[in-house]
There are 2 protein chains.
Amino acid sequence: MTLSFELLATAGDARLGRIDTAHGPIRTPAFMPVGTAATVKAMRPEDVRATGADILLGNTYHLMLRPTAELIARHGGLHKFMNWPGPILTDSGGFQVMSLAGLRKMTEEGVRFRSHIDGSYHMLTPERSIEIQYLLDATITMAFDECTPYPATQSQAAESMRLSMRWARRSKDAFIERKGYGVFGIVQGSVFPDLRRESAEALREIGFPGYAIGGLAVGEGQAQMFETLDFTTHHLPTDKPRYLMGVGRPADIAGAVARGVDMFDCVMPTRSGRTAQAFTRTGELNLRNARFADDPAPLDAGCACPACTGYSRAYLRHLVKAEEILGMMLLTWHNLQFYQDLMAALRAAIAGGDNLAGDPEAVLRRLLPAATA
Amino acid sequence: MTLSFELLATAGDARLGRIDTAHGPIRTPAFMPVGTAATVKAMRPEDVRATGADILLGNTYHLMLRPTAELIARHGGLHKFMNWPGPILTDSGGFQVMSLAGLRKMTEEGVRFRSHIDGSYHMLTPERSIEIQYLLDATITMAFDECTPYPATQSQAAESMRLSMRWARRSKDAFIERKGYGVFGIVQGSVFPDLRRESAEALREIGFPGYAIGGLAVGEGQAQMFETLDFTTHHLPTDKPRYLMGVGRPADIAGAVARGVDMFDCVMPTRSGRTAQAFTRTGELNLRNARFADDPAPLDAGCACPACTGYSRAYLRHLVKAEEILGMMLLTWHNLQFYQDLMAALRAAIAGGDNLAGDPEAVLRRLLPAATA
């Protein structure tokens with residue numbers, strides 16, 4: 001039953017592992033591209049797979065509103081609907097409905113909110129969130145929680161976290177166990193060590209096959225995020241995967257892996273790809289910049305993706321300036337490839353005994369060095 | 001020198017052939033996807049090739065303004081710049097600058113116009129158009145002409161056509177001959193048999209390795225277009241390819257092939273793909289339509305493209321409604337595949353002695369029958 005996690009190697013706090021699921025294995029540390037509306041924007045799923053991604057993330061909030069979880073269930077679940085046979089993790093919808101300032105009302109029962117699409121009223125509770133994720137056929141279901149806003153006082157953070165812990169219990173109770181599927185609990189507690197410990201212990205008491213760390217990457221900055229990880233991951237079981245939600249930039253990921261995190265998701269590579277920003281081995285490039293107008297070099301000489309092997313920076317900039325869809329397609333592909341290259345390099349480093357200690361930007365440059373001409 | 005054309009078979013007026021070029025062969029009848037701004041919109045070039053396309057069309061007007069022909073020349077020509085190693089035909093820019101009502105002034109010398117991008121002034125003459133197409137490294141260069149507006153009186157059409165014939169002479173004189181490259185003349189004369197004959201004879205007198213038929217698909221309707229083809233193609237040499245510019249819908253193409261046309265281009269499949277219109281073996285479908293919301297069937301059961309083999313109509317409609325880029329990508333791919341499947345079916349029919357006579361819609365249904373469940 002549930003998911004199985006195998007810890008294959010450690011180096012300091014960094015961990016190399018594998019999660020086996022009903023939809024295939026996930027090599028960890030893993031980066032999950034975000035496929036909000038049943039598509040990783042501007043990418044075909046087979047091309048996302050070709051970058052090295054093992055698992056995608058889908059968004060419960062968007063899918064419940066359009067095309068609806070019931071429709072996706074009628075069409076065989078999200079894997080079949082979007083033509084991605086591999087594992088899919090869905091969020092609980094909590095984060096997104098909490099963001100609907102003025103359009104939602106929270107109670108002990110759950111959150112009542114209005115759709116951003118047509119203004120219709122909906123209710124999300126732990127039970128309904130778990131039901132939707134079941135209808136979507138999520139490989140990994142997330143417990144319904146409140147992502148505590150930042151900054152919060154300790155008493156605000158405690159109240160929010162304890163509500164999330166009660167919802168975590170209800171989420172676990174509502175989850176229907178199936179072989180190779182599982183539900184993850186989410187640690188909250190903002191930046192307060194006592195609250196993070198209390199939250200982790202509450203979740204361990206309930207018992208989950210994986211633990212997420214929520215409420216970070218919400219404005220606290222990298223230093224405080226790392227500090228919070230430092231006093232949080234030690235309270236989590238070593239034999240279960242750990243997922244840092246919504247993170248992040250490449251250096252954030254490198255630093256979090258060094259602190260014992262196994263899974264990540266972020267819209268950064270895909271959103272940046274649609275706004276002409278590229279992550280490369282020589283830094284982040286803005287392809288709108290006139291200095292690339294006549295640049296015959298590839299985007300990233302160390303990258304084997306189609307954008308880097310088939311085109312010049314001059315061509316990519318032309319596509320961006322002409323607002324051509326192919327520009328978004330190629331830059332998205334490259335950014336996803338860069339992120340997966342980073343994850344592969346992190347896994348190889350841990351396998352070789354590298355504990356990834358030190359300045360994460362330096363770790364990044366060491367693992368993904370700029371190609372020499 | 002120049003291009004070579006081999007006529008492999010005929011059936012009635014329909015022709016099966018092959019053009020050999022410096023960038024590879026073109027199987028005729030051929031459909032050329034339009035790659036206006038050095039990209040077939042929403043498609044990677046290798047995927048365009050995978051649909052069966054042998055040759056693309058590029059637009060001189062757009063490319064001369066952005067990124068400029070000189071920049072493309074510095075980057076090794078359009079083939080290398082856009083990663084399409086196969087043949088490319090470029091138009092002369094004439095059609096597009098003539099469409100800039102109020103922003104252009106025509107004289108015997110050429111056309112002075114203002115850029116739609118930044119309002120800057122430019123001049124296109126036969127000599128400059130040919131130079132730009134040389135800088136782009138066009139496999140097939142088009143003579144600079146005026147696409148006679150429709151409707152036109154016979155004297156307007158005659159004056160316009162005779163200007164185009166003088167420009168055709170200047171275009172041919174300006175063209176630099178290279179092995180496997182060529183310049184095509186363009187027959188004008190609106191819907192007037194005497195003018196079309198006069199134009200065809202004037203071009204044959206100059207001598208070209210291929211002849212285009214211009215000034216059609218401009219509002220005259222399919223019946224008059226076919227009638228004009230009927231009295232035009234007989235004046236063209238049988239040993240040279242014939243290109244009907246800017247055509248068209250599938251039935252237009254089937255009917256024109258039956259009348260001896262070898263080459264086509266049209267934005268229809270790509271533009272329709274971006275506006276949720278699909279060409280299928282069961283007719284044209286609008287994927288915005290609510291009747292597809294829960295339809296588990298593939299877009300076109302007879303099609304082997306990724307959109308048809310990987311997804312349901314329900315999923316494609318979801319992408320369209322959610323304004324997802326993947327919707328435009330998949331529908332564009334499908335439409336290009338449909339057009340290339342049509343061209344392959346036309347070629348196979350001619351090879352088998354089918355003269356494609358009769359109602360072109362019936363020919364279409366006969367060549368691309370709806371798949372049975």
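View 1. Ala53(B) is buried, with 26 other C-beta atoms within 10 Å; a residue is termed buried if 20 or more other C-beta atoms lie within 10 Å of its own, exposed if 12 or fewer, and partly exposed in between, with C-beta atoms placed from the backbone. Helices (H or I, at least four residues) and strands (E, at least two) are DSSP runs, numbered from the N terminus. Leaving aside neighbours within four places in sequence, Ala53(B) is in contact with Pro33(B), Val48(B), Leu336(B) and Gln340(B), where contact requires C-beta atoms, placed from the backbone, to lie within 7 Å. The C-alpha atom of Ala53(B) is separated by 9.4 Å from that of Met343(B), 290 residues apart along the chain. Because the model is predicted, local features need pLDDT of at least 70 and side-chain atom pairs count only at pLDDT 80 or more, whereas totals for chains, interfaces and linings use all residues. Residues are numbered from 1 along each chain as its sequence is written, while chains are lettered from A and ligands numbered from 1 in the order in which they are written.

**View 2. Thr125(B) in a loop of chain B.** Thr125(B) lies between β9 (121–124) and α6 (126–136). With 19 C-beta neighbours inside 10 Å, Thr125(B) counts as partly exposed. Not counting residues up to four places away in sequence, Thr125(B) touches Glu109(B) and Gly110(B). A separation of 9.3 Å is found between the C-alpha atoms of Thr125(B) and Asp145(B), which are 20 residues apart along the chain.

**View 3. Packing of α10 against α15 in chain B.** Helix α10 (residues 250–258) and helix α15 (residues 360–367) of chain B pack at an angle of about 100°, with their axes 8 Å apart. Axes are lines fitted to C-alpha atoms, for helices over the stretch in contact, and angles run from 0 to 180 degrees between N-to-C directions. The helices α10(B) and α15(B) are therefore roughly perpendicular to each other; angles under 35 degrees count as roughly parallel, over 145 as roughly antiparallel, 65 to 115 as roughly perpendicular and the rest as oblique. Pro250(B), Ala251(B), Ala254(B) and Gly255(B) of α10(B) meet Pro360(B), Glu361(B), Val363(B) and Leu364(B) of α15(B).

**View 4. Helices α9 and α10 of chain A.** In α9 (residues 222–232), Met225(A), Thr228(A), Leu229(A) and Thr232(A) are buried. Seen down the axis of α9(A), these residues fall within an arc of 100°, so they line one face of the helix; the arc is that of the directions from the helix axis to the C-beta atoms. Their cover includes β11 (182–187), α8 (193–206), β12 (211–213) and α10 (250–258) of chain A. As 8 of the 9 residues of α10(A) are buried, α10(A) is largely enclosed by the rest of the structure. Gly260(A), with a positive phi near 95°, follows α10(A).

**View 5. The contact between chain A and chain B.** In this pairing, 31 residues of chain A are in contact with 31 residues of chain B. The largest share of the chain A side, 5 residues, comes from α13(A). A rotation of 180° with 0.0 Å of shift along its axis superposes chain A on chain B (RMSD 0.0 Å), by least squares on the C-alpha atoms of residues with pLDDT of at least 70 in both. The two copies are thus related as by a two-fold rotation axis. In chain A, the C-alpha nearest the axis belongs to Ile325(A), 3.9 Å from it.

Definitions and conventions
Contact = placed C-beta atoms within 7 Å.
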